[in-house]
Amino acid sequence: MAWKETATSNHGGFLGFVVHTVIRFFQFVLGLTVIGLYGVDLNAARIAHVYADGKWVYAVVVGTLAALTALVFMVPFVKTYKAFPWDIIMLFLWIVVFGIFGNMYIKEKPEGDSGITRMKNAVWVDLANMLLWLISSAFGLFMFFKNRGHKSLHTGRAQV
């Protein structure tokens with residue numbers, strides 16, 4: 001029973017642990033989804049012997065970072081609230097991905113083009129990723145300040 005107490009104390013009790021794990025699982029799955037959605041065009045460019053557009057490469061790199069981060073942070077004994085700055089960085093990376101592809105595809109009319117339809121769907125997956133990273137970074141920030149032992153803000157030495 002000690003493993004349960006150790007695992008859940010880092011995430012705000014059992015409910016916090018379950019919510020944290022579910023969010024990280026969806027971050028992992030959606031990161032892999034982004035890799036697949038954007039990787040289709042990168043593979044087509046590779047087969048056609050043309051350059052890979054940097055926007056698509058960036059989206060795949062962010063999806064890869066998100067999937068790897070979510071996988072590592074899903075481990076129950078890791079105090080992920082101490083790594084909330086990385087969650088915030090991931091949030092900003094997803095904001096950029098959503099901004100780039102949202103600007104390109106939200107107003108686009110598919111008119112039977114399955115590639116445009118796929119990319120319009122990819123934009124909404126990007127938005128879902130952005131919102132999940134917003135939630136996890138806010139939760140990590142909250143847990144960081146909750147678990148810091150009530151030390152002074154500037155030096156961290158005095159008890160408050």
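Student: For the crossing of α3 and α4, is the hand left-handed or right-handed?
Tutor: In this predicted model, local features need pLDDT of at least 70 and side-chain atom pairs count only at pLDDT 80 or more, whereas totals for chains, interfaces and linings use all residues. Residues are numbered from 1 along each chain as its sequence is written, and side-chain values use heavy atoms, with hydrogens and water left out. A crossing is left-handed if the near helix is turned anticlockwise from the far one by less than a right angle, and right-handed if clockwise. By that criterion, the crossing of α3 and α4 is left-handed.

Student: How many nonpolar residues belong to the contact of α3 with α4?
Tutor: Contact denotes heavy atoms within 4.5 Å. On the α3 side the residues include Trp 56, Val 62 and Phe 73, which meet α4 residues including Trp 86, Met 90 and Phe 101. In the classes used, Ala, Val, Leu, Ile, Met, Phe, Trp, Tyr, Cys and Pro are nonpolar, Asp, Glu, Lys and Arg are charged, and the others, Gly among them, are polar. The contact of α3 with α4 has two polar and two charged residues, and its nonpolar residues number 17.

Student: At roughly what angle do the axes of α3 and α4 cross?
Tutor: Axes are lines fitted to C-alpha atoms, for helices over the stretch in contact, and angles run from 0 to 180 degrees between N-to-C directions. The axes of α3 and α4 come within 10 Å, and they cross at roughly 145°.

Student: Why are α4 and α5 described as roughly antiparallel?
Tutor: Helix α4 spans residues 84-105, and its axis lies 8 Å from that of α5 at an angle of about 160°. Angles under 35 degrees count as roughly parallel, over 145 as roughly antiparallel, 65 to 115 as roughly perpendicular and the rest as oblique. The two helices α4 and α5 are therefore roughly antiparallel.

Student: How many charged residues does the contact of α4 with α5 have?
Tutor: α4 passes α5 in a left-handed crossing. Their contact has 19 nonpolar and five polar residues, and the charged ones number three.

Student: How many polar residues are in the contact of α2 with α5?
Tutor: The axes of α2 and α5 come within 9 Å and cross at roughly 150°, and the two helices are therefore roughly antiparallel. α2 passes α5 in a left-handed crossing. The residues of this contact divide into 16 nonpolar and four charged, while the polar ones number six.

Student: Is Arg 118 buried or exposed?
Tutor: Arg 118 is found in helix α5, residues 114-146. Leaving aside residues up to four places away in sequence, Arg 118 touches Leu 37, Val 40 and Asp 41. Buried means under 20% relative accessible area, exposed over 50%, and partly exposed in between (1.4 Å probe, protein chains only). Because its relative accessibility is 19%, Arg 118 counts as buried.

Student: What is the C-alpha to C-alpha distance between Asn 121 and Leu 37?
Tutor: Asn 121 also lies in helix α5, and at 44% relative accessibility it counts as partly exposed. Asn 121 and Leu 37 are 84 residues apart in sequence, and their C-alpha to C-alpha distance is 8.9 Å.

Student: How far apart in space are Ile 135 and Leu 91, C-alpha to C-alpha?
Tutor: Ile 135 is placed in helix α5 and is partly exposed, with a relative accessible area of 44%. In sequence, Ile 135 and Leu 91 are 44 residues apart; in space, their C-alpha atoms are separated by 9.3 Å.

Student: Near what value is phi of His 49?
Tutor: His 49 is found in the loop between α2 (13-47) and α3 (54-73). At 73% relative accessibility, His 49 counts as exposed. Its phi is positive, in a residue other than glycine, and is near 60°.

Student: Near what value is phi of Glu 111?
Tutor: Glu 111 is placed in the loop between α4 and α5, and it is exposed, with a relative accessible area of 75%. For this residue other than glycine, phi is positive and near 45°.

Note on methods
Helices (H or I, at least four residues) and strands (E, at least two) are DSSP runs, numbered from the N terminus.
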